[in-house]
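Welcome! Take a moment to look through the structure below, and then we will walk through it together.

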Amino acid sequence: MKRRTFFKYTVPSIVAPVFIGGFNLRAFAASPLVQAYSNSSTEGNVLVLIQLAGGNDGLNMVIPVDYYSQYFNARKNIAIEENKILRLSGNDTTGLHPSMTGIQNLYNDGKISLVQGVSYPAPNFSHFKATDIWLTGEDSSENITTGWLGRYLEKQYPGYPEHYPNPQMPDPFAIQIGSVVSPALQGHSYPMGMAISNPESFYKMLEDHQDGNDDHFNSDRVADQLSYLRQLSEKTDAYAGVIKQAAKKSKTLSAKYEDKGKNNLSEQLKIVARLISGGLQTKVYVVNIGGFDTHAGQTVNTDTSKGKHAQLLENLSQSIEAFMDDLKLMGVDDRVMGMTFSEFGRRIKSNASGGTDHGVAAPVIVFGKKVKGGQIGHSPIIPDSATVNDNVAMQYDFRSLYASILKDWLGVDKDALSSILLHNFDTLPLLA
Amino acid sequence: MTRRDIFRSFLPKNESPEWRDVSFPDIESGLETYKKPWDESAVRHLLRRTQFGAPVAEVEYFKKYSAKKAVEELLNTVPVNAAPPINNYNDDKVTDEQVPLGQTWVNATNNSGMLTARRIRSYKSWWMMQMITQNRSIHEKMVLFWHNHFATQTATVRHPQFIYQHNLLLRKYALGNFKEMTKAITIDPAMLRYLNGASNTKKAPDENYGRELQELFTIGKGPGSHYTEGDVKAAARVLTGYKIRPLMQDTAFDPQRHDDGDKQFSAFYGNAIIKGRSGKDGENELDDLLNMIFDQQEVAKFICRKLYVFFVYSNITPAIEKNIISPLADVFRKHNYEIKPVLEKLLASKHFFDMANRGTIIKSPVEFIVSLCREYNVSFPSEQNYLSRYDAFEFMLLRSAYMQQNIGDPPNVAGWQAYYESPAFYKLWVNSDTLPKRNQFSDRMVLFGYKTKQQSDFVGIDLIAFAKSLPSPENPDMLIQGSVQYLLGADLPTDQQQFIKTSILLSNLQDMADHYWTNIWTSYAQNPTDENKTIVETKLKQLYKYLMELPEYQLC
């Protein structure tokens with residue numbers, strides 16, 4: 001029996017702290033010595049993935065202060081003015097987009113790791129293929145149909161779906177906020193997570209609202225059948241009960257979230273925080289924010305710090321800050337780590353429509369109380385006169401981030417790691 | 001305790017949501033012929049109800065007709081004369097000594113416990129095959145209708161050859177004469193076994209068939225039904241004398257076992273007396289009995305109500321009884337119980353095509369599975385690969401049984417509850433157990449299909465081919481709209497379609513992102529590399545998995 005399995009079945013680790021030789025394991029959790037003994041410190045850890053759909057312009061999000069003139073020359077029509085860049089403590093080379101004060105605060109607090117230049121060899125410029133690459137963890141020459149987290153969860157919870165839910169794992173392994181379970185969660189036969197179709201309907205479920213808006217149907221007879229079917233599908237979802245219970249058990253505590261309707265990502269993360277603090281043992285949450293495909297009109301002409309992209313970054317930054325605050329107030333911030341990703345970055349040189357075209361590498365924001373704050377890698381090297389073909393170069397394979405998260409945060413052992421990630425990847429020091 | 005309470009008490013506790021009392025405004029339209037608009041929505045409605053699902057090619061075909069002509073063609077197309085079920089069951093445990101593999105067992109005489117079970121399984125797979133591979137006709141739907149009406153259970157009959165003969169009988173009369181059919185069913189070996197007609201003798205009368213003949217097969221229990229217990233007994237006496245000849249595999253009338261006394265019926269039958277007949281003439285009492293029963297107005301009404309619930313909607317209000325059922329019953333009687341004129345009147349009517357009646361039926365499991373296979377043109381192994389072919393249809397059969405409709409074995413002689421249990425009716429098909437099973441089935445067909453045991457033939461959905469068959473699949477709005485129209489029983493509001501488009505086809509890209517789908521679809525069409533195929537297929541899998549999990553997909 002594996003050591004962690006042993007713990008799982010013998011010690012109700014959620015209720016009672018685990019003691020070895022009189023020492024509370026939790027107190028040593030961060031010590032490499034104890035990790036060598038056992039992975040039980042990773043037992044309750046949760047991963048939150050924030051997908052930025054469309055290809056985020058990393059260069060306007062994390063700005064190379066050390067290459068400012070090259071940066072400015074390459075994208076005069078959209079470059080952030082130097083004096084508006086948010087500066088980071090202990091970091092002279094890099095700054096943030098002016099709308100990201102939330103991330104700035106967290107960075108200065110040591111809760112953000114900025115990983116520069118994340119991509120993969122032979123990058124693909126199609127949204128769909130590039131997204132698949134990130135979600136499956138495949139090489140760009142491969143066509144893999146399972147997701148990287150699906151493979152992890154299959155290892156973690158063998159025999160799904162026959163033997164689940166069960167008393168050891170009564171909760172969904174992964175929750176996607178959105179209509180479709182992310183391909184990242186796809187296992188060999190089944191999706192290894194469930195989707196909460198959208199926040200609105202989720203709130204309806206919490207508030208015991210029945211679906212009311214059936215006006216468009218050609219008859220009451222159809223509406224009658226549908227309302228029956230809808231009620232039934234809510235009731236029959238094997239996990240609807242536990243999710244509802246968890247959400248009911250906890251309340252949103254942070255006042256930093258924006259008002260309802262203003263920031264969809266906020267709404268999604270609010271749910272995630274409630275489910276975590278409500279006691280779900282769910283390992284992975286996936287949330288989405290779209291609109292990053294900024295080919296044109298990325299900024300306002302008169303003020304490059306405003307506009308479409310600025311709004312998206314503000315939403316992102318603001319909701320992560322509120323989410324972290326919420327987790328802290330709920331007392332679960334020890335257990336949560338998150339990461340943003342986008343299918344690709346954008347071109348160094350801006351185009352004539354005030355936007356940027358599909359590019360290659362971009363920075364990834366890793367956040368969490370246990371994260372090792374600071375920057376990994378260096379600013380992207382920008383040529384003196386960038387051409388339309390110049391791209392931000394890769395410094396780290398995204399699967400090195402996956403490997404670090406799986407190994408150090410989710411407690412996957414080394415052998416399992418290469419079978420989940422299909423190849424071998426170095427890890428990065430993401431955790432303190 | 002009301003009827004409703006009693007009924008509810010049969011259901012597992014807390015598993016089914018409350019259903020509302022159904023009281024909707026009445027539908028004004030009557031039996032006059034429906035003319036316009038003869039659009040795709042009308043064609044789909046007709047096809048979903050009279051066949052299984054509305055495949056793209058079928059809709060194209062019938063679009064050029066009128067409602068009346070389409071109904072005529074569906075009623076008059078002669079069904080395919082299918083080859084009988086075969087031995088697909090030899091294995092290391094069982095070898096059929098009489099019937100070689102691939103040959104039909106329907107004339108075999110060597111039934112045994114093991115062989116009987118396997119032949120029945122082969123028969124059911126064969127029936128599933130008939131439904132999925134049906135031609136352009138209402139025939140298969142009617143066979144299912146009559147199976148639900150003259151319900152028998154293979155588990156009780158336990159005689160594969162009789163069971164198969166019984167099915168042929170349903171096929172022969174499916175669109176024929178109901179009175180002749182009732183006679184044929186009465187002396188059909190499977191029915192004689194199922195309702196003990198073969199043990200009904202002068203010495204020891206068995207009332208079973210005499211009762212169901214009136215209660216379930218002809219008169220029914222509607223408001224105009226007043227036959228008595230005495231009528232049950234009298235009918236049973238008329239029906240004495242039939243026996244089964246196992247070697248000949250047929251039915252014979254044995255005058256020795258027949259009660260040749262006079263049989264007195266109640267005031268409901270006008271105090272009719274059926275004069276006892278002796279000797280060989282005794283079997284003609286059956287005609288006297290059926291003449292007496294079929295003289296009752298209630299017979300035609302009862303059958304028309306059942307046709308209505310099967311083809312139109314479950315809630316027969318007093319207005320529908322008056323404006324639809326009654327005139328239909330008149331047509332039925334006027335044509336001496338010929339079935340076609342009734343169906344023609346009903347199915348070509350304004351009432352049938354009324355918007356308020358579209359999408360109002362929750363598919364039965366058989367409809368769910370057979371429609372899915374037909375809508376997506378799922379391919380099955382060829383007749384040369386008969387083992388694999390039977391295995392594939394058996395898979396469909398078992399899924400249907402798992403979802404609580406096991407053809408050949410309805411729950412009892414009354415047929416499936418969803419066709420008669422008021423007020424829930426079709427809602428009874430779906431519950432906390434069967435709804436997830438439906439979703440699992442459609443997920444499976446979309447995601448990875450079924451591989452047959454023998455040759456690992458793939459039985460699943462070719463999503464790219466399906467999308468190609470829709471108008472302008474390169475346009476994400478058109479692709480979603482076309483899919484919604486072909487697959488869902490009720491329309492989806494535009495904002496929901498937009499939501500699906502953005503979150504699935506466009507991976508949450510916003511603004512001018514439609515062309516991303518167009519580009520990838522077009523690059524696949526021009527250059528079908530594995531990479532392009534995977535991208536397109538992944539999107540389509542998500543799209544169709546999502547659409548088929550919607551409650552609207554349960555409707556037809």
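**Where the chains meet**

In this predicted model, 46 residues of chain B are in contact with 36 residues of chain A; two residues are in contact if their C-beta atoms, placed from the backbone, lie within 7 Å. Residues are numbered from 1 along each chain as its sequence is written, while chains are lettered from A and ligands numbered from 1 in the order in which they are written. Local features need a pLDDT of at least 70 and side-chain atom pairs count only at pLDDT 80 or more, whereas totals for chains, interfaces and linings use all residues.

**The chain B side of the interface**

- The elements of chain B giving two or more residues to the side that touches chain A are α20 (434-447), α23 (494-505), α24 (514-526) and α25 (530-549).
- Helices (H or I, at least four residues) are DSSP runs, numbered from the N terminus.
- Which element gives the most to this side? That is α25(B), with 8 residues.
- By residue type, the side of chain B that touches chain A divides into 25 nonpolar, 12 polar and 9 charged.
- Ala, Val, Leu, Ile, Met, Phe, Trp, Tyr, Cys and Pro count as nonpolar, Asp, Glu, Lys and Arg as charged, and the others, Gly among them, as polar.

**A helix pair in chain A**

- Helix α11 (residues 264-277) and helix α12 (residues 308-330) of chain A pack at an angle of about 20°, with their axes 9 Å apart.
- The two helices α11(A) and α12(A) are therefore roughly parallel to each other (angles under 35 degrees count as such).
- The residues making this contact include A:L265 and A:L269 of α11(A), and A:F323 and A:M330 of α12(A).
- The residues of the contact of α11(A) with α12(A) divide into 8 nonpolar, 5 polar and 1 charged.

**Domains of chain B**

- The domain assignment gives chain B domain 1 (27-49 + 57-79 + 301-359), domain 2 (195-295), domain 3 (364-459) and domain 4 (463-554).
- The C-alpha centres of domain 1 and domain 2 of chain B lie 34 Å apart.
- In chain B, 4 residues of domain 1 are in contact with 6 residues of domain 2.
- The domain 1 side of that contact in chain B divides into 2 nonpolar, no polar and 2 charged residues.

**Confidence**

- Over residues 1-21 of chain B, the pLDDT is below 50.
- For the complex, the predictor gives an ipTM of 0.85 and a pTM of 0.77.

Conventions: Axes are lines fitted to C-alpha atoms, for helices over the stretch in contact, and angles run from 0 to 180 degrees between N-to-C directions. Angles under 35 degrees count as roughly parallel, over 145 as roughly antiparallel, 65 to 115 as roughly perpendicular and the rest as oblique. Domain bounds come from an automatic or database domain assignment. pLDDT is the predictor's confidence in each residue, from 0 to 100.
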